[in-house]
Amino acid sequence: NGVTLIHEAHYVNVSEKEGKLYSRVNAYTIPKEEVQGTIYGDSIRDQHVNIPAGETVTEWTRCVMNKDIDLLFMASHTHQLGTNFSAKRFDGENVVGDVFYSTDDWHDPYIMKFEEPMFIPAGEGFEYSCTWKNTTDALVEYGSTAEHEMCNLTLVHTPGDFDICCEVVDSSDGEMWVKPGEKCAASTAGN
């Protein structure tokens, strides 16, 4: 009954000098009877990013929770061409309300902690958008290197069920990166 832990870290070496890097996670256990509750974190990733040379592009994605959650934290992730990330509520049919999360810092994005957890019922979720300014002379696409870009929404919530995810239902470019027959993106633990 193990748990898979994904520890994802990005490093950008801006110098010509090579260096050795490391990252560490300390994990501790307690007896099962002492567990009072669980949390879970996941990212929804737009894996279809295409930013033409010299252009500014904004893309949005809509997703709905497959089960009720209480949202504890929210954050974003882009790479160095990212100029803005924002999130609004989505009721399953319409975007509702104003932007409640926004950051223009790709390097150290704001981690929003909700003083009172935000209840998100199944069938409702978020519209999140990324804006990039491609200052290069080449097409930039989705990928994990510094030469690529990302548009990820990160959620930390209760309950800590591993099969909870925000199911992608629409995107600005019409590209659905979820495999046919699956509800959640491949980056989620449920798949």
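## The largest cavity

Ser76, His77, Thr78, Gly82, Thr83, Asn84, Phe85, Thr103, Asp104, Asp105, Trp106 and Pro109 line the largest cavity of this structure, which is a predicted model. Two or more of the lining residues come from each of the strands S4 and S5, and S5 makes the greatest contribution, with 4 residues.

The space inside the largest cavity amounts to about 50 Å³, and the structure has 2 cavities of 30 Å³ or more.

## The nonpolar core

The largest nonpolar core consists of 29 residues, among which Met74, Phe126 and Leu155 touch the most other members. At least two residues of this core are supplied by each of the following strands: S3, S4 (69-77), S5 (82-90), S7 (112-120), S8 (125-133), S10 (152-158) and S11 (166-171). In soluble globular proteins, nonpolar side chains tend to be buried together.

The surroundings of Met74 can be described in detail. When neighbours within four places in sequence are left aside, Met74 is in contact with Ala87, Phe100, Tyr101, Tyr110, Ile111, Met112, Phe114, Phe126, Leu153, Thr154 and Leu155.

The structure contains 4 salt bridges. In one of them, Arg62 pairs with Asp170, with the closest N and O atoms 3.5 Å apart; this pair links strand S3, where Arg62 is found, to strand S11, which holds Asp170, across 108 residues of sequence. Arg62 counts as buried because its relative accessibility is 18%, under the 20% limit that defines the term, whereas Asp170 is partly exposed, with a relative accessible area of 28%. Arg62 and Asp170 also belong to a network of salt bridges that includes Glu127.

Another salt bridge joins Lys67 and Asp163, whose closest N and O atoms are 2.9 Å apart. Here two loops are linked, since Lys67 is in the loop between S3 and S4 and Asp163 is in the loop between S10 and S11, 96 residues apart. Lys67 counts as partly exposed at 32% relative accessibility, and Asp163 is likewise partly exposed, with a relative accessible area of 43%. The side chains of Arg89 and Glu124 also meet in a salt bridge, at 2.9 Å from N to O; Arg89 lies in strand S5 and Glu124 in the loop between S7 and S8, so the pair ties together parts that are 35 residues apart in sequence. Of these two residues, Arg89 counts as buried at 19% relative accessibility, while Glu124 counts as partly exposed at 25%.

## A buried glutamate without a salt bridge

Glu59 belongs to strand S3 (residues 56-65). Although Glu59 is buried, it has no salt bridge, and the nearest side chain of opposite charge, that of Arg62, is 13 Å away.

Apart from neighbours within four places in sequence, the residues in contact with Glu59 are Asp46, His48, Val49, Asn50, Tyr128, Ser129, Cys130, Trp132, Ser172 and Asp173.

## A cis peptide bond

The peptide bond that joins Thr158 and Pro159 is cis, with an omega of about -5°. Pro159 is found in the loop between S10 and S11, and Asp163, the partner of Lys67, is placed in the loop between S10 and S11 as well.

Note on methods:
Residues are numbered from 1 along each chain as its sequence is written. This is a predicted model: local features need pLDDT of at least 70, side-chain atom pairs count only at pLDDT 80 or more; totals for chains, interfaces and linings use all residues. Side-chain values use heavy atoms; hydrogens and water are left out. Buried means under 20% relative accessible area, exposed over 50%, partly exposed in between (1.4 Å probe, protein chains only). Lys and Arg count as positive and Asp and Glu as negative; His and the chain ends are not counted. Contact means heavy atoms within 4.5 Å. A nonpolar core is a set of buried Ala, Val, Leu, Ile, Met, Phe, Trp, Tyr and Cys residues joined through side-chain atoms within 4.5 Å. On a 1 Å grid over the protein atoms alone, a cavity is a set of points where a 1.4 Å probe fits but cannot get out, and a pocket is an open set with protein on both sides within 12 Å along at least five of seven lines; lining residues have an atom within 4 Å of a point. Grid points are joined across faces, edges and corners, and a volume is the space filled by probe spheres set on the points.
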